[in-house]
Amino acid sequence: MATDLLIKDVRVVRPLERSVETADIAISAGKFSRIAPGIDPASANRVIDGRQRLAFPGVVDAHMHTGIYSPLAEDAVSESRAAAMGGVTSSLNYMRTGMYYLNKSGPYREFFPEVLSTSSGRFHVDYAYHLAPMMAAHIDEIEDLIETHGVTSFKIFMFYGSHGLHGKSDDQSDFLMIGKDERYDLAHFEFIMRGIRRAMDRFPDRAEQISLSMHCETAEIMRAYTRLVESEGRLSGLPAYHASRPPHSEGLAIFIASYLAHETDCVNINLLHLSSRKAVEAALLMADAFPHVNFRREVTIGHLMLDTDSACGALAKVNPPIRPRADVEYLWEKLLNNQLDWVVSDHACCRHEFKLDNASPGNVFLAKSGFGGTEYLLAALISEGTKRGMGLNHIARVSSYNPATRYGLNGKGDIAPGYDADLALVDPAESWTVRAEESDSTQGYTPFEGMELSARIKQTWLRGRLIYDGNVVGVPAGQYLHRPYPESIEQDG
């Protein structure tokens, strides 16, 4: 096959190798066709000088919330532009019925085609969706979602028992848009797990990549502690929010989720955005207690870079909360020890005019939860990680290969023949300061404002097409990723 593009003289960062080698990268028909030193430039239709930059596989940002606070049609464009700026080439977004997102309920056979129709032609990066079964009828749709739409990953928000997205909610049915006779509770979670187990049995060829993600916080603990912290009035800002959703709330929820996974034989469990020492310790204990459950443990770049003393204050409100510095250091320790599996942004663009309460902007309990950060994910991970001794190959695993493999993106996450030609070209020695005004996100602020990073994404390539070169290039070319994607590929490693 003729070589369409040859990128010369890059340092190739492969996730399963132990070193970084200088080589050339040949691309044909949107796929990597050859990686080797000294490839003849005459063999290619187009030749690019890689300038000894680091070539990472395109980032698989496996936890995003496109369309949560702004219409999906708008968010898909602007927030995927931000993703492209950060070297992201695959955006995996959580989606559900109920308030926020499309602000409607109903069966996924009606809801999800609307999501896909709205998304089509608007993403600058490839994209997929994780779906949350919010009511009993959704559980019966799991197998059809897998077969018809290639949705292989599902989610439970454990804290919705008494909390809405960003505050107390005593009426589940209004916020979640479920029937008055339905409950979003532990029994519902169990039945979701049983539904996923049935799907794994029905589709044995893809069972390893059918999984359930868990947002682990305990609603009853959060309700009681929120009331306590607010009534005492001693704390404010991020320390108050941390105290109102304490780490043992995470740990207890992980225990419950893990036992239910054991009980139902729902063996592919992703523990999302672990934020504290107690949460990680609980996750590791459960892995020992139930070795047959294939746990994966996630951490966000926000929980790795921010703490409760960060100057951004309520702008960094997120669920679970930003934690004190001791928890941050513990997360890094476990990430460096290969006990956390991937790093994500949990990108949820919440524009400045909506983030804080107009009458009381300093009240963290009135602020909305979530913030963006996909554009800083890889650069911040390289900057802070290498300073702490994290190897570049390790960074490629946790930013790309591991989530791609778990979530059925078999043609993503590595730089190898046959894989999609997704690349992030990085200058590891260009220092720069994070400024929200330079981002294509419509958020207008960032909790990372003013951080000095020591690595910068210079180019992003999606399936052999340049989509970022200091600025986002071209019209949206992202494709929906029907998983497994592709149906089969020879794993090179």
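Guide: A nonpolar patch is built from residues with over 30% relative accessible area and no salt bridge, their nonpolar side chains being joined within 5 Å. In this predicted model, Leu252, Phe255 and Leu285 make such a patch of about 260 Å², and leucine 285 has its place in helix 10, residues 277-289.

Visitor: Is aspartate 24 buried or exposed?

Guide: Buried means under 20% relative accessible area. Aspartate 24 has a relative accessible area of 4%, and is therefore buried; this residue lies in strand 2, residues 21-28, and its side chain makes a polar contact of 2.6 Å with the side chain of lysine 8. Among the residues that aspartate 24 touches, leaving aside those up to four places away in sequence, are Leu6, Arg34 and Ile39.

Visitor: How does aspartate 140 count, buried or exposed?

Guide: The term exposed applies over 50%, and aspartate 140 counts as exposed because its relative accessibility is 61%. Aspartate 140 lies in the loop between helix 3 (136-139) and helix 4 (142-149).

Visitor: How many salt bridges does the structure hold?

Guide: A salt bridge places a side-chain nitrogen of Lys or Arg within 4 Å of a carboxyl oxygen of Asp or Glu, and the structure holds 32 of them. In one of these, lysine 104 pairs with glutamate 114, the closest N and O atoms being 3.0 Å apart; lysine 104 sits in the loop between strand 7 (88-95) and helix 2 (108-119), whereas glutamate 114 is in helix 2. Salt bridges also link Lys31, Asp126, Lys412, Asp420, Asp422 and Arg463 in a network.

Note on methods
Residues numbered from 1 in each chain as written. Predicted model: local features only at pLDDT ≥ 70, side-chain atom pairs only at ≥ 80, totals over all residues. Heavy atoms only, no water. Patch = residues over 30% accessible without salt bridge, like charges linked within 9 Å, V, L, I, M, F, W, Y side chains within 5 Å. Areas by Shrake-Rupley, 256 points an atom, 1.4 Å probe, with all protein chains shown as cover. Helix = DSSP H or I, 4+ residues; strand = E, 2+ residues; numbered from the N terminus. Buried < 20%, exposed > 50% of the residue type's maximum accessible area, 1.4 Å probe, protein only. Polar contact = N/O pair within 3.5 Å; in protein donor to acceptor, adjacent residues only side chain to side chain. Contact = heavy atoms within 4.5 Å.
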